[in-house]
Amino acid sequence: MIIKNIVNQDVVNISNCESEPIHIPGSIQPHGFLLGINSHGHEIIYCSENCIDFIGISAKDILGKHYADIFDCDEAIRLTNYLNDPLRDTSRPYVCTFKDVQYNTTVHNSGNVLVLELEPFPDGSIELPNLYIQTRQFVSALQETMGLQGLCQSIAEEIHKITGYDRVMVYRFDKDYNGEVFAEAKRDGLEAFLGLHYPHTDIPVQARQLYLKNLMRMISDVNYIPVPIVTQQNNADNSSLDLSLSVLRSVSPIHIEYLKNMGVGATLTISLIQDKKLWGLIACHHYGPKNIPHYIRLTALLQAHFLTSQIKVREVTEEHELTLAKDQMFQELLHFLNNNEHVEQYISHPQLIKLVDADGVSIIYNDTVYTNGNTPAKEQVIELATYLQNKKYADFVTNNIQSVLPHLEGATGAMYFSLNPTSHNSIIWFRNELEQTIHWAGEPDKAIVKDEKGLSPRKSFALWKEIVKGYSKDWLKVEVNAAAKCAYALQKQFSLSDIRKEEEVQRKLSNKLRLANEELSNLNWIGTHDLKEPLRKIQIFASKILETSEYNISAEPTDLIERMRKSAGRMQNLIEDILNYSRLTTSENKFTEIKLNDVLSEVKVELEDLINEKQVKLTAQDLPVINGVWFQVRQLFINLLSNAIKFAKPGTTPEIEILSEKARIPAISGNNQVYHKITFSDKGIGFDDKYGNVIFKVFQRLNGISVYEGTGIGLAICKKVMEVHDGFIEAKGEEGNGAKFIVYFPVL
């Protein structure tokens, strides 16, 4: 029978320690022994070489045997029952008895191998400590300590008392896994480590990963000689047996050297996990060998569990208390903002800086920079805001603004919030540089040293001070949230201010329009009285001259006087049409129910002479009832009918037809409104359909004035009437084949 060990034979040094397979060393520490049995037949396929030191049986007499062959059948049955117990865990270990000696036995699976690690009880006792007292003391500590650091200190002191280690530290990681001694309890006479920092290289990545899997690890004597694990399997090596969950697993020689350099003789390490990440460690150091019983270890682990259950609670509580304080400050600031309107007032309020614990603040509004406290020069503030706005940042937070603009002076930290995505409007809080002194346990850049033996862990852990420059104090999440709320409040205030300014502009324009309307009304009055009256007299005098024979005027002057009379008449009609058009926009329109049949009847009476003279044939369907202004609708009908009669084909009888129906015209109105569609059709001279929109413009004529008299305003009046009535008018024509004018009144 050939027996081989599975010890990792790779050379481990400081240059490759980050890739060292520390979970598969192939060896254990000597304060216990290990058995590896297959899970289906309980045949022993692995064992540690030191079995003979504990049970007096050598490895060659153990391998290949069944568990019951080494231990009696009753013990084998007890193990089977333990393995089948669904409630088994490390807090209820299996106690194995061999020749009246009891061993604390931890059990875990490593692939298809069941790993048993057996340790004799160091104090000869398997009694549980008084957990009730420990729990009561812990609850008391919870009630007495308010902050997280105070709680960590209480836990460190309690574990120090329970375990008897020389030093117990609560070790907290930063985001880069550099560590800080956050709390410490120690025996008298030892140098204090509280507040010291350790570089992330002290705990490699794979070690941190193991701390997530195996929450507790103990080294009872750093001077131990590793015990090989042996097997009869020819193809087995160190990778065949994963010891990630082992309590006896041998430790990396690099880590052992590191501990020896610190002068540490024994350790107990417990993981502190938050949100599935390693928050920190409870690190217990002893300056000589130390082995504590399993239940004492579990009691320390219980304290760690208590602590991890409270880390998030305490952090949230502290954050909540700070949030309440910030909210109170924000409410005071918000009240001030709501009762003031000017940026100069906002920027000068002291709470604007205190709200986020800044050293200065700048507000950029309409390309003007307002500042308070310690800030960069206004030109650089604009430059920073322009840079961030071009990057399309809605917000930006940094404690090293020089990483963005290296030449920026006057601040190191900055917190920016845009107040308008299309402009430079923004608010920026600034913080001064905070020169920090970090106390390291040894120089962090010399975590690896080179000597005559080659590369090795550092030997010096003497206090080393690092001066950190170029950074401000970090912005807390609570401060960023408070700043965001403040920025939103300012954004609303500026929007309201812009609205007020626009309302003031509109008010002034409205006043100007009112004055212009008043002047227009005066012009209407002048037009009605001062212009129409002279024109009327010109017409009367011209008629008298032409009708009186005593003047004995020759034919040529008579023709000139007749032209003058007609021109005065046209001018009078033009003034009348302009006044009618103006009256549509300046008069107050009172809408009433109008029967269009009644309107048509009245218009026919008014145009009776013209209708009879031209022998007009007018047919109309029954017309609807609308809501409108009577005199405007009457003017509409007069203009449309007069237009149809005027533009009849020469030598023909004018024919006009008025049709009515309901219709939807979303292409024109842009909605699904129902309209009364009223069509005025004639068989006159018509027009080119491309002029369908042009003819509604003021003074727009398609025919010469010498042939068809008119002012060019009539159809513009029709269009204005329809606009007043929230309706539409359109014209369709064909040269020589008549025209159609269609008006749409909304159905209410």
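## Model and confidence

Residues are numbered from 1 along each chain as its sequence is written, and side-chain values use heavy atoms, leaving out hydrogens and water. In this predicted model, local features need pLDDT of at least 70, and side-chain atom pairs count only at pLDDT 80 or more, while totals for chains, interfaces and linings use all residues.

pLDDT is the predictor's confidence in each residue, from 0 to 100. The protein averages 80. At least 70 is the score of 77% of the residues. Over residues 442-462, pLDDT stays under 50. The model has 51 contacts (heavy atoms within 4.5 Å) beyond four places in sequence for that stretch. Residues 704-708 also stay under 50. Nine contacts beyond four places in sequence are found there.

## The antiparallel sheet

Strands (E, at least two residues) and helices (H or I, at least four) are DSSP runs, numbered from the N terminus. Two strands pair if DSSP finds at least two bridges between them. Five strands form an open sheet in the order β16-β15-β19-β18-β17. Their pairing is antiparallel. At the edges are β16 (368-373) and β17 (395-398), each pairing on one side only. From one strand to the next, the twist averages 10 degrees.

β17 and β18 (residues 413-418) run antiparallel and are joined by four bridges. Phenylalanine 396 stands opposite tyrosine 416 in β18. Helix α12 (residues 378-390) lies across β15 (360-365), β16, β17, β18 and β19 (426-431). The helix runs at about 115 degrees to β19. Axes here are lines fitted to C-alpha atoms, for helices over the stretch in contact, and angles run from 0 to 180 degrees between N-to-C directions.

## The mixed sheet

Another open sheet of five strands has the order β25-β27-β28-β30-β29. Its pairing is mixed. β25 (617-620) and β29 (728-733) stand at the edges with a single partner strand each, so one side of each has no neighbour in the sheet. The twist averages 20 degrees from one strand to the next.

Seven bridges join β28 to β30 (residues 739-746), and the two run antiparallel. Tyrosine 675 has proline 746 in β30 as its bridge partner. α17 lies across β25, β27 (655-664), β28 and β30. Its angle to β30 is about 170 degrees.

## Cavities

A cavity is a set of points, on a 1 Å grid over the protein atoms alone, where a 1.4 Å probe fits but cannot get out; lining residues have an atom within 4 Å of a point. Grid points are joined across faces, edges and corners, and a volume is the space filled by probe spheres set on the points. The whole structure holds two cavities of 30 Å³ or more.

Notes. 1 Å grid on protein atoms, 1.4 Å probe; cavity = no way out; pocket = protein on both sides within 12 Å on 5 of 7 lines; lining within 4 Å.
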